[in-house]
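Please take a moment to look over the sequence and the structure shown below.

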Amino acid sequence: MATSAMFILDLKGKTIISRNYRGDVDMTAIDKFITLLMEKEEEGSAAPVLTYQDTNFVFIKHTNIYLVSACRSNVNVTMILSFLYKCVEVFSEYFKDVEEESIRDNFVVIYELLDEMMDFGFPQTTESRILQEYITQEGQKLVSAPRPPMAVTNAVSWRSEGIKYRKNEVFLDVIESVNMLASANGTVLQSEIVGSVKMRVYLTGMPELRLGLNDKVLFEGSGRGKSKSVELEDVKFHQCVRLSRFDTDRTISFIPPDGAFELMSYRLTTVVKPLIWIETSIERHSHSRVSFIIKAKSQFKRRSTANNVEIIIPVPSDADSPKFKTSIGSVKYTPEQSAFVWTIKSFPGGKEYLLTAHLSLPSVMSEESEGRPPIKVKFEIPYFTTSGIQVRYLKIIEKSGYQALPWVRYITQNGEYEMRMK
Amino acid sequence: MTDSKYFTTTKKGEIFELKNELNSDKKEKKKEAVKKVIASMTVGKDVSALFPDVVNCMQTDNVELKKLVYLYLMNYAKSQPDLAIMAVNTFVKDCEDPNPLIRALAVRTMGCIRVEKITEYLCDPLRRCMKDEDPYVRKTAAVCVAKLHDMNPTLVKDQGFVELLNDLLSDANPMVVANAVAALTEMNEQQTVIEVNSQMVNKLLTALNECTEWGQVFILDALAGYTPRDERETQNICERISPRLAHANAAVVLSTVKVLMKLIDMMPADSDFITQLTKKLAPPMVTLLSAEPEIQYVALRNINLIVQKRPDILKQEMKVFFVKYNDPIYVKMEKLDIMIRLAQQNNISQVLSELKEYATEVDVDFVRKSVRAIGRCAIKVETSSERCVQTLLELIQTKVNYVVQEAVVVIKDIFRKYPNRYESIISALCENLDTLDEPEARASMIWIIGEYAERIDNADELLESFVEGFHDENTQVQLQLLTAVVKLFLKRPGVAQTLVQRVLSLATQDSDNPDLRDRGFIYWRLLSADPAAAKNVVLTEKPLISEETDLLEPSLLEQLVCHIGTLASVYHKPPSAFIDPAKAPLRQINPIPTAKFGSSLLDTSSATSASRNGSSAPTVIPSQDQVIADLLSLDLNAPATSANTGGFGGAMTGTSSMGGLDDLLGLGGDSLPAATTNVSSNNPFDSLAGLGMPSSVPAAQQPASIGGLAEIFGSGSFGGSTGVTYPKEMWLDASRAMGMQVEGTFVRRNGKIFMEMTITNKAMQAISGFALQFNKNSFGLIPVEQLNPSPLLPNQSQNVSFQFIFSSDNLFFI
């Protein structure tokens, strides 16, 4: 049912750290891991789950390490994968970059964490803020041994008591990422908005928070169907939110963790006009040159402005001698990603810009066929949400009765924003 | 200075040096030394020689040092069991430490030391810790019970830990409840120690709202194993867990989906409640597709199951499965599978244009699968077949070698679904004849030529060019070639006279392959004995291939839906197929004492067969011939046979898509009425048998020592008593026999031995052509008459009973 052992491997498959939780797997089986993975990659069937004899490996790759869980019963794979990602998250809170060198540098604390975060293969406490209260890197400096914080076993396992701030503040960031996929002939195949409400909480004590959004279900239920509201297709909450409460009356109520965290994420598939639309016309003269005419249009309201717009146009990998002409922004050829990038620092709504590009092609064609990567666009539009979601209120109640100010910020940015090329 | 310094000392007397440092008086030095030891251990050096010195450092007030020593102990205690006892005192002492962190640490570590002798000492401290005032200690103790159970289940029962664990299930602290339920679920997997009842379920549902995300997973997984008493309770559980679908943790979401999917089945299908509930399921699953790629993969494998079980849930969501350029290849492949499953008339044009796009990508495997997918769409959605064929033709024009080959294979399937509709494209295919170098593509092309021999002017030349290199071809191609040439001969005797003789002689005289030889002989005899009959046989009308060729068999699907989120759901195999039998949980002991022997015997055999079958466990619906292949070698579950069956079934899958089989299939069906009375199926082996030709089916020879029989003798009731009927036992489980389930028992009536069987068809196709083979056995029993039930339609079952007599001929001497 649970993980039998955990391994952290370098890219060559050498074990950096291992922890045997159940003593029922052959700990040398891990030596076969990398060969097995290579074989599967060769076959084109590399999946995050591998089998070697009667051991199953479930793994993720992060920077230059593999985190592998070995197990031999019918384990809950989803739980293991989530746990591995959680490990990376916790490690990075402890020592920032999680990679081969930092793992070696911090092996003592990693052993301690692995011991605390998982017992007999069952995930336990994985809240890094709570762990940091009693697993410290400089444990030897403490005069008296630390005790497990109450929060470890409390119903509120993500916040400790007795937090104090002189100035009580809450920052809310509503960030919407637009995923869009358009076909080469210009039809939008798929478009969705993945939103996220991130919080930075600097509040004293154990505050009770209630967040009000212009949620359509809520509005209709309370007879305010006419005011502007948003229909959220699917919502996911941080574990601090009382899910059953939300299920009954759509109230988002919670005791927040301290500091920064993602409170909720939501998804909606509304058909919106693509915010930035790219039209290309390409002339290919094989063996000699290729020329592009790129038209970029901003299709949002005039009073908004997109910042740091980057339009990435892929070109054949053997192209050279690029020549660009444009009235705005700058263009850079980046052969390492076989593309050129058109950067426009500030792109107001309702505008249209042009770029022409010429590149030479070698007279000898390369044998390998290349994929056709899509055009990608990166952008940020502040003070604007595509969905129209709004924070109506954030109520903060704490028994000491202090006043705290919530600050709200909205931003729309690109998610996977791709347009296929002809 | 970082920890990495501890890795870097490789002077000669390293161990000696460490030993000195470990015994140093200075605390700092001691600790540094222990860190060095752990570092050596981490890189795989054997530092077990330092065991006594490290254990000496155990009694310290420094928690960090203590943890390191404990870590060392866990690693080496097994190799030094006698020395490990030294540590027991400190453990016991630490279990009473005023600091709960230390108490928990001690009990946690002690449980991880898998040394028999230590377990005795563990009991008292553990019992105390389970009643500790601090929940942190109690939650650790709860897990420790599972550890102890893993080493010594009887000890757990005898020492009353089961009851203590039961108490923890009602603990006021949600974290303790969660760990207790995790421990319990694990122990129950081996044998039921505490039955999950509705009272407990209520407690769990309350704790669900308060415990950590992992605790929620433990609770939901435990709930998945519970069967509610009535509809009201079912509905109540659904209502209380469905808010979990909004949890940010993917594991919580998938475990919730698992429980809901199971419970939905228990309620009346058309109720409003179900409609509401299924509506809630789609959005969270779609959201999982924005998770990390590995989690996406698991989600997609599970969605594949859910789409098969309840196609309605995601039928509107086609677009979210469109492949993105940067998706990892394993995600792309799974998305493709789901796209085909969701393809319908109303979205087919979108799907097709996507597939066409994918077919021009660069990843070979992905492109191949996309081309195949186009073919599957044609077969699934008839109105789209025209466009699919057109698209395939365009792809063939690209002349990309692997695209062409793949296209040929799927066009063959399209011909098998829509005969005589798209022959116009044959000429385009023939143009690419010489680029085909893969056996499957060659075989497909040859099948097409043979099938449409009368419309291809130069069919004889084309086939002749293949015959040139007959011996270099793969068996699949050879068989195909043989059949195609015979077809050509029957259709146009003039042009193929010499060719057919040449092929027949190549197949019968120069080949070592029994399948090829046998088929050659059949054709030969058929052609020489009665050409008209041969025509009827070879050119008979073939059954059309079915739409969905890769659906999971229903009983397996049923089982997998109960395992959503687990390895089984990723592999699409039942857990028994990949879990080592040596470590597999012991089955619950059968409550009927007389049946004990029998059931344990059967269990062992099933476990062995599962492990031997390994990768060839059934994952696709069986084609008719596979089922019968199974039946032929079915030996009521004796171990060796099932291993045979596995291998055999696997071999069959390789060839089952070939057209040539169809010819043989026709053989039994039309021309030989004598053989068809019993063998109504179109199976090559049956037909072969009917013709009196040697069959290549491996006839398994081993004693049929089934439980029931053994009991008749074992219980001493053989001679005297009459009318003792043992309940029917499962002899062959549907999930392991391509959907055929056999339950049976032996009874005595009026001094005669009867075998009674219930045969149930859980596959999606009718099963027919039953034959019973009773091998030599130690009781010398043979059936008096042949088994002759009528064909079984899906979900039908039938009781058969027949008499046995003793025959010395059939006696197997051990």
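What covers the buried residues of α16(B)? In this predicted model, the cover includes β11 (234-237) and β13 (259-268) of chain A, together with α15 (250-264) and α17 (293-309) of chain B. Helix α16 itself spans residues 272-287 of chain B, and its buried residues are Leu281(B), Ala282(B), Pro283(B), Pro284(B), Met285(B), Val286(B) and Thr287(B).

Within chain B, a pair of helices can be followed in detail. Two packed helices are described by the angle between their axes and the distance between the axes. For helix α26 (residues 475-491) of chain B and helix α29 (residues 531-538) of chain B, the angle is about 125° and the axes lie 10 Å apart. Because of that angle, α26(B) is oblique to α29(B), and the crossing in which α26(B) passes α29(B) is left-handed. From α26(B) the contact is made by Val486(B), Lys487(B) and Leu490(B), while α29(B) contributes Ala534(B), Lys535(B) and Val538(B). Of the residues in this contact between α26(B) and α29(B), 4 are nonpolar, none is polar and 2 are charged.

Further along chain B, His572(B) sits in the loop between α31 (567-571) and α32 (596-613) of chain B.

Seen as a whole, chain B has a secondary structure of 38 helices and 5 strands, and buried residues account for 47% of its 814 residues. Among the contacts in chain B between residues at least 6 apart in sequence, 67% join residues at least 24 apart.

A last point concerns confidence. The mean pLDDT of chain B is 78, with 77% of its residues reaching 70 or more, and the model scores ipTM 0.92 and pTM 0.80. Over residues 584-723 of chain B, however, pLDDT stays under 50, and for that stretch the model has 250 contacts beyond four places in sequence.

Conventions:
Residues numbered from 1 in each chain as written. Chains lettered and ligands numbered in written order. Predicted model: local features only at pLDDT ≥ 70, side-chain atom pairs only at ≥ 80, totals over all residues. Axes fitted to C-alpha atoms, helices over the stretch in contact; angles between N-to-C directions. Helix = DSSP H or I, 4+ residues; strand = E, 2+ residues; numbered from the N terminus. Parallel < 35°, antiparallel > 145°, perpendicular 65-115°, else oblique. Left-handed = near helix turned anticlockwise from the far one by under 90°. Contact = placed C-beta atoms within 7 Å. Nonpolar A, V, L, I, M, F, W, Y, C, P; charged D, E, K, R; others polar. pLDDT = per-residue confidence, 0-100. Buried ≥ 20, exposed ≤ 12 C-beta atoms within 10 Å, placed from the backbone.
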